Structure formats: structure tokens, C-alpha cells
Amino acid sequence: MDFKKSNAPLNTVTRDMLAMSQQTGNVYETICVIGKRANQISVEMKNELEKKLAEFKGNNTDNLEEISENREQIEISKFYEKLPKPSLIATQEYIEHKLYFSNPAKQKDNLGK
């Protein structure tokens with residue numbers, strides 16, 4: 001996923017939950033969908049960051065050069081700190097109808113009718 005291209009705001013924004021819950025028909029289900037997507041995004045971001053920072057882990061010899069701060073590593077960390085939070089990205093995806101979600105309990109009820 002490309003987090004740089006997200007339209008999500010960097011700060012929290014007050015949202016009308018009743019309007020947002022029209023897709024699911026339930027405020028709590030909406031929050032659950034957004035929360036699960038935020039967890040997925042968080043895991044993706046963490047794995048991507050760890051993969052990039054793993055490049056800087058070399059051998060474990062104590063050397064004066066290794067102890068000094070690595071500018072590239074700092075830049076990568078700053079980039080990830082400036083990204084919108086996963087919950088804001090997930091909320092923006094939900095609002096833009098970019099999330100696919102289903103409720104197996106509702107589908108089971110509809111099949112039984």
C-alpha cells in the first residue's frame with residue numbers, strides 16, 4: 001500500500017457518525033470495520049518500516065562510526081512519523097468507499113429468508 005498517496009488528514013477531524021454509518025446501517029459496525037482496517041494498515045506500516053530499518057543493521061561490532069547517528073535512518077523514521085495515523089487513513093478509505101467489507105451474520109440471515 002502506498003501511504004504517501006492517501007488523502008487522509010494529518011490531524012483528527014470531527015465526523016458525523018450517523019452519516020458515516022449509512023453504508024453499514026449501524027454505528028458500531030462502522031467503527032468495527034474502520035478499526036479492523038486501521039489494524040491492517042498499522043501492521044503493514046510496521047512491517048514496511050522494519051524492513052527499511054533492517055538494512056541498517058549490520059554486524060554487531062562496537063565501532064565509533066556505528067554509534068553515531070545514521071542520517072538515512074533518521075530520515076526514514078521522520079517520514080513515517082509524519083504520515084497520517086492508521087485510523088485516519090482507514091476512516092478516509094471508508095468515506096471514499098474504498099473498503100470492501102461484509103458481515104457473515106447478515107449474509108446468513110439473508111440466505112435463510
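User: At what angle do α2 and α4 pack, and how far apart are their axes?
Analyst: In this predicted model, helix α2 (residues 27-54) packs against helix α4 (residues 71-82) at about 170°. Their axes are 10 Å apart.

User: Roughly parallel or antiparallel, then?
Analyst: Roughly antiparallel, because angles over 145 degrees fall in that class.

User: Which residues make the contact?
Analyst: From α2, M45, E48, L49, K52 and L53. The α4 side supplies Q73, I76, S77 and Y80.

User: And by class?
Analyst: Five of the contact residues are nonpolar, two are polar and two are charged.

User: Switching to α5. Why is α5 described as largely enclosed by the rest of the structure?
Analyst: Seven of its 10 residues are buried, so α5 counts as largely enclosed. The buried ones are L88, I89, A90, T91, Q92, E93 and Y94.

User: What covers them?
Analyst: The cover over the buried residues of α5 includes α1 (17-20) and α2.

User: Which residues does I95 touch?
Analyst: Leaving out residues up to four places away in sequence, I95 touches R15 and M20.

User: And how far is I95 from Q23?
Analyst: The C-alpha to C-alpha distance between I95 and Q23 is 9.4 Å, with 72 residues separating the pair in sequence.

User: What does the backbone do just after α5?
Analyst: H97 takes a positive phi there, about 60°.

Note on methods: Residues numbered from 1 in each chain as written. Predicted model: local features only at pLDDT ≥ 70, side-chain atom pairs only at ≥ 80, totals over all residues. Heavy atoms only, no water. Axes fitted to C-alpha atoms, helices over the stretch in contact; angles between N-to-C directions. Helix = DSSP H or I, 4+ residues; strand = E, 2+ residues; numbered from the N terminus. Parallel < 35°, antiparallel > 145°, perpendicular 65-115°, else oblique. Contact = heavy atoms within 4.5 Å. Nonpolar A, V, L, I, M, F, W, Y, C, P; charged D, E, K, R; others polar. Buried < 20%, exposed > 50% of the residue type's maximum accessible area, 1.4 Å probe, protein only.
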